[in-house]
Amino acid sequence: MIVELEGVQLHGYHGVNEAERRLGQTFLYDVRLDVGERGVDDRIEGAVDYRLVVEAIREVNDRRFDLIEALAAAVADELERRFAPAALRVRVRKPEVKPAGATVVHAAAVVERGPAGRP
(Lines give C-alpha, C1' and ligand atoms only; values in the text may rest on other atoms or scores of the structure.)
Protein backbone atom coordinates (compact mmCIF):
# COMPACT_ATOMS: atom_id res chain seq x y z
CA MET A 1 0.00 0.00 0.00
CA ILE A 2 1.32 3.41 -0.98
CA VAL A 3 0.17 6.64 0.64
CA GLU A 4 0.86 9.72 -1.47
CA LEU A 5 0.39 13.41 -0.86
CA GLU A 6 1.18 15.76 -3.70
CA GLY A 7 1.47 19.51 -3.58
CA VAL A 8 1.22 20.09 0.16
CA GLN A 9 1.60 23.88 0.11
CA LEU A 10 3.20 25.63 3.07
CA HIS A 11 4.78 29.03 3.60
CA GLY A 12 8.36 28.74 4.85
CA TYR A 13 11.35 30.90 5.66
CA HIS A 14 14.08 28.82 4.01
CA GLY A 15 16.91 30.02 1.82
CA VAL A 16 20.31 31.61 1.79
CA ASN A 17 19.16 35.05 0.68
CA GLU A 18 18.15 37.49 3.40
CA ALA A 19 14.86 38.31 1.64
CA GLU A 20 13.90 34.62 1.51
CA ARG A 21 14.53 34.27 5.22
CA ARG A 22 12.71 37.50 6.10
CA LEU A 23 9.68 37.36 3.79
CA GLY A 24 9.40 33.63 3.24
CA GLN A 25 7.86 31.91 0.24
CA THR A 26 5.76 28.96 -0.84
CA PHE A 27 7.16 25.44 -0.65
CA LEU A 28 5.43 22.41 -2.16
CA TYR A 29 5.89 18.95 -0.67
CA ASP A 30 5.28 15.69 -2.53
CA VAL A 31 5.45 12.59 -0.34
CA ARG A 32 5.19 8.88 -1.12
CA LEU A 33 5.18 6.35 1.73
CA ASP A 34 5.20 2.56 1.32
CA VAL A 35 3.15 1.52 4.36
CA GLY A 36 2.73 -2.18 3.63
CA GLU A 37 -0.71 -3.49 4.54
CA ARG A 38 -1.56 -0.73 7.00
CA GLY A 39 -5.07 0.54 6.34
CA VAL A 40 -6.40 -2.38 4.31
CA ASP A 41 -8.58 -3.40 7.28
CA ASP A 42 -10.44 -0.06 6.95
CA ARG A 43 -9.45 1.06 10.47
CA ILE A 44 -7.76 4.44 10.88
CA GLU A 45 -6.02 3.20 14.04
CA GLY A 46 -3.78 0.92 12.00
CA ALA A 47 -3.39 3.15 8.96
CA VAL A 48 -1.00 5.97 8.21
CA ASP A 49 -3.31 8.95 8.58
CA TYR A 50 -2.40 11.54 5.93
CA ARG A 51 -3.53 14.32 8.29
CA LEU A 52 -0.71 13.28 10.62
CA VAL A 53 1.71 13.15 7.69
CA VAL A 54 0.83 16.78 6.85
CA GLU A 55 1.25 17.72 10.52
CA ALA A 56 4.76 16.20 10.53
CA ILE A 57 5.69 18.08 7.34
CA ARG A 58 4.34 21.33 8.81
CA GLU A 59 6.39 20.91 11.99
CA VAL A 60 9.60 20.51 10.00
CA ASN A 61 8.64 23.37 7.66
CA ASP A 62 8.24 25.63 10.72
CA ARG A 63 11.99 25.30 11.32
CA ARG A 64 14.45 27.27 9.17
CA PHE A 65 16.88 25.82 6.66
CA ASP A 66 19.34 27.43 4.28
CA LEU A 67 19.07 24.67 1.66
CA ILE A 68 16.06 22.74 0.39
CA GLU A 69 18.27 19.63 0.39
CA ALA A 70 18.54 19.85 4.18
CA LEU A 71 14.81 20.61 4.44
CA ALA A 72 13.92 17.53 2.35
CA ALA A 73 16.24 15.32 4.42
CA ALA A 74 14.70 16.62 7.67
CA VAL A 75 11.18 15.88 6.41
CA ALA A 76 12.27 12.37 5.39
CA ASP A 77 13.86 11.82 8.81
CA GLU A 78 10.67 12.89 10.59
CA LEU A 79 8.40 10.76 8.41
CA GLU A 80 10.66 7.73 8.98
CA ARG A 81 10.64 8.34 12.72
CA ARG A 82 6.87 8.75 13.02
CA PHE A 83 5.53 6.28 10.47
CA ALA A 84 8.33 3.72 9.83
CA PRO A 85 7.50 3.20 6.15
CA ALA A 86 9.22 0.41 4.23
CA ALA A 87 10.30 3.07 1.73
CA LEU A 88 9.69 6.76 1.18
CA ARG A 89 10.18 9.55 -1.29
CA VAL A 90 10.08 13.22 -0.36
CA ARG A 91 10.30 15.98 -2.94
CA VAL A 92 10.43 19.62 -1.86
CA ARG A 93 9.71 22.13 -4.60
CA LYS A 94 10.47 25.82 -4.43
CA PRO A 95 8.31 27.41 -7.15
CA GLU A 96 9.36 31.02 -6.71
CA VAL A 97 12.91 30.64 -8.05
CA LYS A 98 14.15 33.57 -10.12
CA PRO A 99 17.83 33.21 -10.99
CA ALA A 100 19.31 36.10 -12.93
CA GLY A 101 18.35 36.01 -16.58
CA ALA A 102 16.34 32.77 -16.43
CA THR A 103 12.84 31.47 -15.88
CA VAL A 104 12.53 28.35 -13.73
CA VAL A 105 9.27 26.52 -13.02
CA HIS A 106 10.66 25.27 -9.72
CA ALA A 107 13.80 24.08 -7.99
CA ALA A 108 13.52 20.79 -6.10
CA ALA A 109 15.34 18.40 -3.81
CA VAL A 110 14.40 14.73 -3.62
CA VAL A 111 15.16 12.20 -0.89
CA GLU A 112 14.48 8.48 -1.48
CA ARG A 113 14.92 5.83 1.18
CA GLY A 114 14.14 2.16 1.35
CA PRO A 115 14.30 -0.53 -1.35
CA ALA A 116 14.54 1.98 -4.22
CA GLY A 117 16.70 4.47 -2.30
CA ARG A 118 19.27 4.05 0.39
CA PRO A 119 18.68 1.52 3.20
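This is a guided tour of one predicted chain, going from the whole fold to single residues.

**Before selecting anything**

Residues are numbered from 1 along each chain as its sequence is written, and the side-chain values use heavy atoms, with hydrogens and water left out. Because the model is predicted, local features need a pLDDT of at least 70 and side-chain atom pairs count only at pLDDT 80 or more, while totals for chains, interfaces and linings use all residues.

**The whole chain**

Begin with the chain as a cartoon, where three helices and four strands can be found; helices (H or I, at least four residues) and strands (E, at least two) are DSSP runs, numbered from the N terminus. Read along the sequence, these elements follow the pattern β-α-β-α-α-β-β. Switch to the C-alpha trace, and its span along the principal axes is about 50 × 25 × 20 Å.

With the surface displayed, the chain exposes about 7,100 Å², of which carbon and sulfur atoms supply 50%; accessible areas come from the Shrake-Rupley method with a 1.4 Å probe, and for residues only the protein chains shown count as cover. Of the 119 residues, 39% count as buried, where buried means under 20% relative accessible area, exposed over 50%, and partly exposed in between (1.4 Å probe, protein chains only). Among contacts between residues at least 6 apart in sequence, 57% join residues at least 24 apart, a contact being heavy atoms within 4.5 Å.

**The nonpolar core**

Next select Y29, L33, V53, L71, V75 and L79, which have the most contacts inside the largest nonpolar core, a group of 29 residues. A nonpolar core is here a set of buried Ala, Val, Leu, Ile, Met, Phe, Trp, Tyr and Cys residues joined through side-chain atoms within 4.5 Å. At least two residues of this core come from each of strand 1 (2-12), strand 2 (25-34), helix 2 (50-61), helix 3 (68-83), strand 3 (87-94) and strand 4 (107-113). Helix 3 gives the most, with eight residues.

**Helix 3 and its end**

Select helix 3 by itself: its 16 residues reach 22 Å from first C-alpha to last, close to the 22 Å expected at 1.5 Å a residue, the expected span being 1.5 Å times one less than the number of residues. Show the side chains of I68, L71, A72, A74, V75, A76, E78, L79 and F83, which are the buried residues of this helix; they pack against strand 2, helix 2, strand 3 and strand 4. Within that group, centre on L71, which, leaving aside neighbours within four places in sequence, is in contact with H14, F27, Y29, V60, N61, F65 and V92.

A84 is exposed, with a relative accessible area of 54%, and has a positive phi of about 45° although it is not a glycine. Most residues other than glycine have a negative phi.

**Residues in other loops**

Go to D42, in the loop between strand 2 and helix 2, where the phi is again positive, about 65°, in a residue that is not a glycine. D42 is exposed, with a relative accessible area of 72%.

In the loop between helix 2 and helix 3, select F65, which is buried, with a relative accessible area of 11%. Apart from neighbours within four places in sequence, F65 is in contact with Y13, H14, G15, R21, V60, A70, L71 and A74. For a distance to draw, F65 and V90 are 25 residues apart in sequence and 16 Å apart in space, C-alpha to C-alpha.

The loop between strand 3 and strand 4 holds A102, which at 41% relative accessibility counts as partly exposed. From A102 to Y13, 89 residues apart along the chain, the C-alpha separation is 23 Å.

Finish at D30, which lies in strand 2 and is buried, with a relative accessible area of 7%. Leaving aside neighbours within four places in sequence, D30 is in contact with L5, E6, G7, R89, V90, R91 and R93. The C-alpha atoms of D30 and V3 are 27 residues apart along the chain and separated by 11 Å.
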